[in-house]
Amino acid sequence: MRTYKKKTERGNTSKEDMEQAVNRVLNNNESQRSVAKSLNICHVTLHRYVRKVQNSGHNEGPVSLSNVGYSRKPVFDENQAQKLVDYIKHASKIYFGLSPKEVRKFAYECALTYNVTVPDSWNKNKCAGEDWLTQFLKKHEDLSIRTPEATSLQRAISFNKQNVSSFFDKLASVRDKYNFNSATIWNLDETGVTTVQKVSKVLAEKGTKQVGGITSSERGVLVTVLVAVSSSGNSIPPQFIFPRKKYHDYFIRDRPPGSIGAANGSGWMTSDEFFKFMEHFVFHVRPSRENPVLLLLDNHESHLAIKTINFAKENNVIMLSFPPHCSHRLQPLDRSVYGPFKKYLSNSQAAWLRNNPGKSMTIYDIPSLVRDALPQALTPINIMKGFKVSGIEPYNRDIFTDDEFLPAGVTDQPLPNAESSATSPVLQLSGSSNANSQDMSQPSTSSAHCEQVIPENDSLSPKNKQEHTIQVPKEFSPEFVRPFPKAEQRKTSTRGRKKRKSAVLTDTPEKDELEAEQNSRKSKKTKEIQKKKVEKAKRKVMVESDGSSDEECFCLVCTEPFSRSKPKEKWIKCFHCEFWSHEACTDGGFPYICHNCDSDED
């Protein structure tokens with residue numbers, strides 16, 4: 001019945017015509033039938049509305065049908081409904097959108113807070129009805145039910161105005177310094193290709209509960225593919241990294257022309273494999289002192305090896321890194337190439353399974369599938385479009401709107417390694433006039449624009465009721481009913497992996513800082529290895545024994561036998577007499593000399 005279409009013209013009389021007819025009957029004393037006939041209105045309908053006006057206490061004057069229920073009155077007026085729409089839109093922009101069920105509950109909470117008259121079913125179910133939501137969406141066509149894309153918290157936090165502005169500042173400085181053109185600006189990035197494709201939609205019998213699609217196995221094996229493109233639309237042959245201990249040339253027997261391969265235990269990119277790709281990149285691009293190349297890449301650990309950065313600097317490759325967790329907006333390959341590539345690759349994998357029924361796809365079939373799918377995605381139009389929408393070429397630091405930075409406003413996190421006084425831009429939420437004087441997640445509740453609501457609870461004393469009084473804004477405000485999410489200030493920690501930032505990696509200060517960091521890490525690792533060796537040597541004395549294996553060994557200090565030792569309890573041997581003692585019973589010095597040998601020497 002929600003989509004019922006009327007088959008007659010009954011009930012189409014306008015409000016103005018009906019008011020005119022009732023006015024003629026009551027004020028001009030005309031007959032109901034003559035008025036109904038002249039205005040082409042059903043006389044029974046006219047009689048019903050005349051009775052309604054008379055029962056409402058009408059005496060004289062113009063007749064109004066607004067108070068007798070001529071048309072159904074909406075729950076929220078136009079102003080209130082528009083504020084609900086604005087709230088829903090803003091919640092979706094900060095990645096905290098409301099589901100249809102939550103919208104219905106939220107509408108009931110707003111009506112309850114502002115004493116809006118609602119149907120009895122709302123009070124019974126504690127939420128708005130499905131019919132109300134359907135009509136609400138029909139009336140506001142700019143809203144629709146969408147499936148959101150999963151976005152990590154780190155991406156939402158890191159993509160803020162400070163990080164993006166810092167990147168574009170560095171990009172502008174290197175462009176001005178080296179006069180890069182569209183042919184000398186490059187971007188590289190890895191993507192994973194598995195042996196299990198993403199199944200596409202198919203036609204099947206309507207009403208079937210389950211429709212299947214063949215894949216080569218339950219879980220796929222990952223092969224990493226590394227691609228580099230320039231803002232002029234060019235690209236170089238990719239690199240494949242296989243999850244194997246040793247690499248063999250037959251891994252890429254059906255490769256795209258000019259491709260190279262490598263292998264390691266995980267199949268992920270490491271510093272050794274990336275150094276090989278840099279050699280491959282320099283061989284194809286041919287940078288020189290007169291014509292240097294700008295290479296844009298992310299802050300993955302494999303890209304930051306000093307050996308690779310020195311090689312790039314020696315070969316006139318300027319490496320500029322993106323801010324962390326911002327590649328979904330700033331990286332051209334992610335914006336316009338890898339999406340179509342995955343789609344074409346899935347189609348190629350599905351075709352391979354049809355042409356090879358009963359066979360499972362292996363990692364050695366991946367290069368041939370990439371050879372067919374990658375050229376369809378690596379078109380000059382797609383590549384140049386990726387550089388354009390990310391604001392890199394042509395250079396446009398204002399490519400991103402304020403709405404795209406709204407998710408970062410939920411946390412307002414500062415830049416990594418920033419000074420304690422530095423703070424990220426504060427997000428102005430709707431309904432908040434002064435961001436510096438109050439919490440952005442709480443709307444203003446000045447007494448001039450608010451009314452007091454005392455909770456209806458007989459168990460509370462008058463004093464407690466006064467303390468629990470709620471200041472409700474007089475103006476309809478959905479944000480007051482449910483404030484937008486706002487995270488608390490996070491505690492800074494120096495533990496864990498160091499946070500990166502956008503940097504020109506080949507510049508001497510950045511390179512020296514990375515080198516010092518990596519040397520410190522190697523030094524710590526070497527000390528840990530040496531410490532483990534010393535501990536192993538100390539534990540070895542527990543196994544060694546000069547006498548028979550049946551002999552019992554006793555501590556020289558407490559005379560406790562070795563057989564009663566606690567788990568992992570350490571023993572130490574005297575340097576002279578080679579008898580044993582608990583390490584806890586001694587002073588812990590090394591080499592250890594027992595009290596007997598020490599007294600003999602005296």
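Select E475 and K83. They form a salt bridge, with the closest N and O atoms 2.6 Å apart. The term means a side-chain nitrogen of Lys or Arg within 4 Å of a carboxyl oxygen of Asp or Glu. E475 sits in the loop between β8 (470-473) and α18 (478-481) and K83 in helix α4 (residues 78-93), so the pair ties together parts 392 residues apart in sequence. E475 is exposed, at 54% relative accessible area. K83 is buried, at 18%. Here buried means under 20% relative accessible area, exposed over 50%, and partly exposed in between (1.4 Å probe, protein chains only). Helices (H or I, at least four residues) and strands (E, at least two) are DSSP runs, numbered from the N terminus.

A word on the model. It is predicted: local features need pLDDT of at least 70, side-chain atom pairs count only at pLDDT 80 or more, and totals for chains, interfaces and linings use all residues. Residues are numbered from 1 along each chain as its sequence is written, and side-chain values use heavy atoms, with hydrogens and water left out.

The whole structure holds 15 salt bridges. Go next to E109 and R482, whose side chains meet at 3.4 Å, N to O. E109 is in helix α5 (residues 100-113), and R482 is in the loop between α18 and α19 (508-540), 373 residues apart. Both count as partly exposed: E109 at 29% relative accessibility, R482 at 25%.

Now pick E301 and R521. Their closest N and O atoms are 3.0 Å apart in a salt bridge. E301 belongs to the loop between β5 (293-297) and α11 (306-314), R521 to helix α19, so parts 220 residues apart in sequence are tied together. E301 is partly exposed at 32%, as is R521 at 40%.

**The strands**

Select 222-230, strand β2. Eight of its nine residues are buried. Strand β1 (residues 185-194) runs antiparallel to β2, joined by nine bridges. Within this pairing, G192 has T224 in β2 as its bridge partner. Then show strand β3 (residues 239-243), which pairs with β2 in the antiparallel sense over three bridges. Strands count as paired if DSSP finds at least two bridges between them. V225 stands opposite F240 in β3.

**The cores**

Show L294 and F341. They have the most contacts inside the largest nonpolar core, which has 47 residues. Such a core is a set of buried Ala, Val, Leu, Ile, Met, Phe, Trp, Tyr and Cys residues joined through side-chain atoms within 4.5 Å. Helix α15 (residues 366-377) gives the most to this core, with six residues. Around L294, leaving out residues up to four places away in sequence, the residues touched are L171, V174, F180, T184, I185, W186, I318 and L320. Contact means heavy atoms within 4.5 Å. Another core, of 32 residues, lies apart from the largest one; I94, V118, V410 and F480 are among its members.

**Backbone stops**

Move to P394, in the loop between α16 (380-389) and β7 (450-453). The peptide bond from E393 to P394 is cis, with omega near 0°.

Next, Y95, in the loop between α4 and α5. Its phi is positive, about 70°, although it is not a glycine. Y95 is partly exposed at 41% relative accessibility.

Finish at N115, in the loop between α5 and α6 (120-125). N115 is not a glycine either, yet its phi is about 55°. N115 is exposed, with a relative accessible area of 68%.
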